[in-house]
Amino acid sequence: MAFCFHADKESVREPRIVRVGLIQNSIALPTTAPFSNQKKAIFEKVKPIIEAAGASGVNILCLQEAWMMPFAFCTREKGWCEFAEPVDGESTQFLQDLASRYNMVIVSSILERDVNHGETLWNTALVIGNNGNIIGKHRKNHIPRVGDFNESTYYMEGNTGHPVFETAYGKIAINICYGRHHPLNWLAFGLNGAEIVFNPSATVGELSEPMWPIEARNAAIANIYFVGSINRVGTEIFPNPFTSGNGRPQHTDFGHFYGSSHFSAPDASCTPSLSRFRDGLLISDMDLNLCRQLKDKWGFRMTARYELYAEMLARYLKPEFEPQVISDPLLNKKAS
């Protein structure tokens, strides 16, 4: 599927049209297959989709969260840690070749093994430049503790702040999965100058689907940038049943990953979503001039009153904080 976001023609600046792609996919082998075979099969499945993006002239491409493995963090089993890789591991090397071949920036979300800090694991997104170089990385800021999302068994909150990566095609950032539920997370990427924020995700229908089309669109409007929302597809069955402390019977699947990847623009427009069930590639041209045009129109940065909220948050973080509540004095009087 392919779409286009337009901006008004300007007399000073030339259009800044960037072609952006999102890939959603299911895993390729059962989770009972040898791990190396599973990863190789995912590479083989995703490669022709990436090549299709490259052949279509995509400038920036984003894959889904932890695209190189099943989303096994529901199980709490540590064997899945074997999928973890260093920043320059095999998944990165696989994508570096494709990035340089197609002159394409690729955002790759992996399970990172930090070999320099005690083999610690992180949920990390890498930005691979259009020359095949590693521009940088961002680690997931917010870790869910809800339902089957037992991710803190494997990794904790990231320590990379809110970096924006200046690429050959524009300034991009990555708000990984659960971070989309936190408005200040979106805000920080905008304050750092992002023009496109990607939200690579792995989320299931029962938990989050009613929120999916709303949060990213709101973020694009409020922060005046484009948002690319990516979610994996399918139901992944694991060998051993697990529970999540919510009284439900033990089960062997996370639920249905509902895909529905889409783009949102700062003018409140959005594309239709990809399928809830099938692999897909979504491509959109977007004129990045739209971001500044809407900043000029709405004046959100000028009217935001950041100092007001900075003072509020500073007070809230103190142990002696008391909410600013003004009570009706008549509430505590006894009825006559």
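Reader: Say a salt bridge is a side-chain nitrogen of Lys or Arg within 4 Å of a carboxyl oxygen of Asp or Glu. How many salt bridges does the structure hold?

Author: The structure holds 21 salt bridges. This is a predicted model, in which local features need pLDDT of at least 70 and side-chain atom pairs count only at pLDDT 80 or more, while totals for chains, interfaces and linings use all residues. Residues are numbered from 1 along each chain as its sequence is written, and side-chain values use heavy atoms, with hydrogens and water left out.

Reader: Which residue meets Lys140 in a salt bridge?

Author: Glu65 does, with 2.8 Å from N to O between the side chains. Lys140 sits in the loop between β6 and β7 (165-167) and Glu65 in the loop between β3 and α2, 75 residues apart, so the pair links distant parts of the chain. Helices (H or I, at least four residues) and strands (E, at least two) are DSSP runs, numbered from the N terminus.

Reader: Are Lys140 and Glu65 buried or exposed?

Author: Lys140 is buried, and Glu65 is too. Buried means under 20% relative accessible area, exposed means over 50%, and partly exposed is in between (1.4 Å probe, protein chains only).

Reader: And Arg139, what does Arg139 form a salt bridge with?

Author: With Asp114, the closest N and O atoms being 3.3 Å apart. Arg139 is in strand β6 and Asp114 in strand β4, 25 residues apart, and this pair too links distant parts of the chain. Arg139 and Asp114 are buried. They belong to a network of salt bridges that links Glu112, Asp114, Lys137 and Arg139.

Reader: What about Asp97, which side chain does it meet in a salt bridge?

Author: The side chain of Arg101, at 2.5 Å from N to O.

Reader: Changing topic. Which residues in the largest nonpolar core touch the most other members?

Author: Ile50, Leu61, Trp67, Phe71, Phe73, Leu95 and Ile106, out of 47 residues. The elements giving two or more residues to this core are α1 (35-55), α2 (90-102), β4 (105-114), β5 (120-128), β11 (233-242), β12 (251-258) and β14 (280-287). The largest share comes from α1, with 6 residues. A nonpolar core is a set of buried Ala, Val, Leu, Ile, Met, Phe, Trp, Tyr and Cys residues joined through side-chain atoms within 4.5 Å.

Reader: Take Leu61. What does Leu61 touch?

Author: Not counting residues up to four places away in sequence, Leu61 touches residues including Leu22, Ile50, Ala53, Ile106 and Leu281. Contact means heavy atoms within 4.5 Å. There is also a second, separate core of 30 residues, which includes Val20, Phe165, Ile174 and Ile224.

Reader: What order do the strands of the open sheet have?

Author: The 7 strands run β1-β14-β2-β3-β4-β5-β6, with mixed pairing. At the edges are β1 (2-5) and β6 (134-139), each pairing on one side only. Two strands pair if DSSP finds at least two bridges between them. β4 and β5 pair in the antiparallel sense over 9 bridges, and Val107 stands opposite Val127 in β5.

Reader: What does α1 touch on that sheet?

Author: α1 packs on the sheet and touches β2 (17-24), β3 (60-62), β4 and β14, its direction making about 25° with that of β14. Axes are lines fitted to C-alpha atoms, for helices over the stretch in contact, and angles run from 0 to 180 degrees between N-to-C directions.

Reader: Which residues of helix α3 are buried?

Author: In α3 (residues 183-191), the buried residues are Asn185, Trp186, Ala188, Phe189 and Gly190. Among the elements that cover them are β8 (170-174), β9 (196-201) and α5 (212-223). Just after α3, Gly193 takes a positive phi of about 100°.

Reader: Last one. Where is Arg278 placed?

Author: Arg278 is in the loop between β13 (262-264) and β14. At 58% relative accessibility, Arg278 counts as exposed. Leaving aside neighbours within four places in sequence, Arg278 is in contact with Gln24 and Val233.
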